[in-house]
Amino acid sequence: MAARAVPRAPRESQSRPPGTTPVRFRPTLHPGAWWLWAISLGVAATRTTNPLLLALLLAASGYVVATHRSPAPWARSYTAFVRLALAVVVIRVLFAVALGSPIPGTHTLLTLPEVPLPHWAQGIRLGGRVTAEAVLFAAYDGLKLATLLVCVGAANALASPSRLLKSLPGALYETGVAVVVALTFAPHLIADVRRLRAARRLRGRPDRGVRGLLQVGLPVLEGALERSVALAAAMEARGYGRTADVPAPVRRTTTALTLGGLLGVCAGTYGLLTAEGGTYGLPVLLAGVLAALAGLRLGGRRSPRTRYRPDPWGAHAWLVTGSGAAVAALLTLASVRDPEALHPGVVPLVAPTLPLWPAVAVLLALLPAFVVPREPS
């Protein structure tokens, strides 16, 4: 008896409605590129206290986040970082008002009651005269730190922590897992708070104020503990922490290369920062980096794991990383050539001005918003 022919499944082109084009999977950007871009913007923020340039950095990073943030729960932490940045500015100004500032000033805003302190606390005061120069200097300083925090929040909102962990070398896998778990704690916590507040509003219960905070805080803490126990059980079930047998000479070589590379990086960096070490700083730094990379390469043999669908590092990743690095390099150069424009003075009290070419350099941070394709929602 002849065997019955099994009908084949229809091909994609046959089952597709007529007149439509196939939807091809477009690989997303490498998460390391987003982190390098955000870290570069943070480095640029540390090179200036000009509030106009810092506002441009905030606007550029915020626009990129608004155009490329995914709807995942870990991407909702950007708002929390912005609020934390605002709190940093307020706290910095309050400290300058309450504890005084070494910045002299002639424009008195108010005079607080001053608390006398013992002789061993010289240089510290509580209360007293509050000047506009001291408040403005504290606001500039706090805004610099706030911009750095917002840049870190942009990296958290744009780069998937799990994909970033997958891209780490094997020698740093255990450390990367701990960092990723710590980074994802805040987004999950914020998602739980929003979910519980929405549930309380639907039930007609208060979700604001001290009472609402107490009623929401306990379930959030309970959920965090349950999530940590479930994560620990899942990691144990998947064999986390197992290592491969590596010969003793390879282990010793790995340790020597890693420690020697780190010492070389420290010595080379010190040489670049000092005038006496300008001749040996760069070669020692490059040798230390190469030795550390070799040690990480050998140390990866202890972690027997494979990568499923590794993220490619393509042209878009180079453009994103290059745009951030260009902003950091140009602002560093501007801080050396024109420090007065990047660090406006407060004595005498003058309005800050926007330097032209550093502002154009900051606008390079907007490049990812136009060259990186958006991820499908």
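First, the ground rules. This is a predicted model: local features need pLDDT of at least 70, side-chain atom pairs count only at pLDDT 80 or more, and totals for chains, interfaces and linings use all residues. Residues are numbered from 1 along each chain as its sequence is written, and side-chain values use heavy atoms, with hydrogens and water left out.

Start with helix H2, residues 31-46. Helices here are DSSP runs (H or I, at least four residues), numbered from the N terminus. How far apart are the end C-alpha atoms of H2? They are 23 Å apart, and that agrees with the 22 Å its 16 residues should span at 1.5 Å a residue. The expected span is 1.5 Å times one less than the number of residues.

Is H2 mostly covered or mostly open? Covered: twelve of its 16 residues are buried. Buried means under 20% relative accessible area, exposed over 50%, partly exposed in between (1.4 Å probe, protein chains only). Among the buried ones are Trp34, Trp35 and Trp37.

Next, charge. The whole structure has one salt bridge, a side-chain nitrogen of Lys or Arg within 4 Å of a carboxyl oxygen of Asp or Glu. Arg92 and Asp141 form the bridge, at 3.2 Å, N to O. Arg92 sits in helix H4 and Asp141 in helix H5, 49 residues apart. Arg92 is partly exposed at 26%. Asp141 is too, at 27%.

Last, Arg76. Arg76 lies in the loop between helices H3 and H4. Its relative accessible area is 38%, so Arg76 counts as partly exposed.

Conventions: Helices (H or I, at least four residues) and strands (E, at least two) are DSSP runs, numbered from the N terminus.
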